[in-house]
Amino acid sequence: MKSKEIKLIALDLDGTVLTDSNTLSDRVKRSLEKAIASGIEVVAASGRPYGSMPKNVLEIEGLNYSITSNGAVVHDKSGRRIHSTPVSENDVISLLKITEGHDLIFEAYVDGLTYTDSRYTANPLKYGCSEAYVDYVKASHGHIDDMRNFIYTHRKELDSIEIVCTDAEKRAQIRQLVRDNTSGFYITSSSENFIEFMDKSATKSSGVEWLCSHLGVEKKHTCACGNADNDADMIEQAGLGAAVENASRLCLDCADIIVPSNNSDGVARLIEIIIDINKQDSFLI
């Protein structure tokens, strides 16, 4: 039996808070509002850059902070960047050199905005995007014909670099090449066809850790919930780690509890459990 009053909940959005159709259910929204009303700090912790965060989540009254770009940036309610860890210039140059000769679809996050290879925005479905997220991809701030040049030009101000690739063997090859030839990257994935590169100290877990220090919340009083590999570190490090039942194997292995899927309002169920935990100030794990 452990004392586990939860004071902060960090929630992934896509595949966790949001349904597969990229929507926020009424039940989940009400549960977020109920958690906030009970005094819990609810934090959105997303792989998205701030400019692509869903407004219906950010506009929830009392949701005061968001962790974006897989932990590279923390924003306050006004959208102000209060903490950031950009990719180092040397690592950006190394990544471009390592992948030279490979025809890859790149994305890059700069100052909370998404810049994407114009081939991807022209035909997202060709590169593995689901129907529900086509409009999201097409709404990228920049549709760039030469992403390698764009990335090099902005090499000192990148929060994150992504590669979109439907070829599993090529994804594995690129991951290994980067691992073997660099040491400064945190490499993860928010969905099957993505490889995401941040500074090695920029993870969702580090974003939660920074925010906890900023707010004076001990790690043992935190909960984190997600569905993809890029959520696993914050789930593992939280006082209470949760995963939706359709999460990746890595997430499930890191979680203390499993809740229903994102399509079955799993986050709402998690918040019900947490509110009950806080009433009892104890629970079994």
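## The largest pocket and its surroundings

Modeller: The largest pocket holds about 1100 Å³ of space. Of the 45 residues that line this pocket, Asp 14, Tyr 133, Ser 190, Ser 191 and Phe 194 are the closest to its centre. The elements that contribute two or more residues to its lining are S6, S7, helix H5 (134-138), H7 and S11.

Before going on, some ground rules. The model is predicted, so local features need pLDDT of at least 70 and side-chain atom pairs count only at pLDDT 80 or more, while totals for chains, interfaces and linings use all residues. Residues are numbered from 1 along each chain as its sequence is written, and side-chain values use heavy atoms, with hydrogens and water left out.

A pocket here is an open set of points on a 1 Å grid over the protein atoms alone, with protein on both sides within 12 Å along at least five of seven lines; a cavity is a set where a 1.4 Å probe fits but cannot get out, and lining residues have an atom within 4 Å of a point. Points are joined across faces, edges and corners, and the volume is the space filled by probe spheres set on them. Helices (H or I, at least four residues) and strands (E, at least two) are DSSP runs numbered from the N terminus.

By class, the pocket lining divides into eleven nonpolar, 21 polar and 13 charged residues (Ala, Val, Leu, Ile, Met, Phe, Trp, Tyr, Cys and Pro are nonpolar, Asp, Glu, Lys and Arg charged, the others, Gly among them, polar).

Helix H5 gives the most to this lining, with three residues. Val 137 lies in H5, and this valine is buried, at a relative accessible area of 4% (buried is under 20%, exposed over 50%, partly exposed in between, with a 1.4 Å probe and protein chains only). Setting aside neighbours within four places in sequence, Val 137 is in contact with Tyr 120, Thr 121, Pro 124 and Cys 129 (contact: heavy atoms within 4.5 Å). Between Val 137 and Lys 204 there are 67 residues in sequence and 22 Å in space, C-alpha to C-alpha.

Now to the strands of the lining. S7 (residues 113-117) has four of its five residues buried, so it is largely enclosed by the rest of the structure. On one side, S7 is joined by four bridges to S6 (residues 105-110), and these two run antiparallel (strands pair if DSSP finds at least two bridges between them). Tyr 109 has Thr 114 as its bridge partner in S7. S6 and S7 make a hairpin with two residues between them. Asp 111 sits in that loop, with a positive phi near 50 degrees in a residue other than glycine. Asp 111 is exposed, with a relative accessible area of 56%. S7 also runs parallel to S8 (residues 142-144), with three bridges joining the two, and Thr 116 stands opposite His 143 in S8.

The buried residues of H3 pack against H6 (147-153), S9 (158-164), H7 (168-181), S10 (185-188) and S11 (194-199). Those buried residues are Asp 91, Val 92, Leu 95, Leu 96 and Ile 98. They cover an arc of only 165 degrees around the axis, which puts them on the same side of H3 (the arc is that of the directions from the helix axis to the C-beta atoms). The face of H3 turned away from that side carries the exposed residues Asn 90 and Lys 97.

The structure holds one cavity of 30 Å³ or more, and the largest cavity has a volume of about 40 Å³. Its lining has nine nonpolar residues, with no polar and no charged ones. Strand S2 (residues 41-45) gives the most to it, with three residues. Val 43 and Ala 44 are among the residues that line this cavity, and both are also among the residues touched by Ser 66, not counting those up to four places away in sequence. Ser 66 belongs to strand S3 (residues 65-68) and is buried, with a relative accessible area of 1%.
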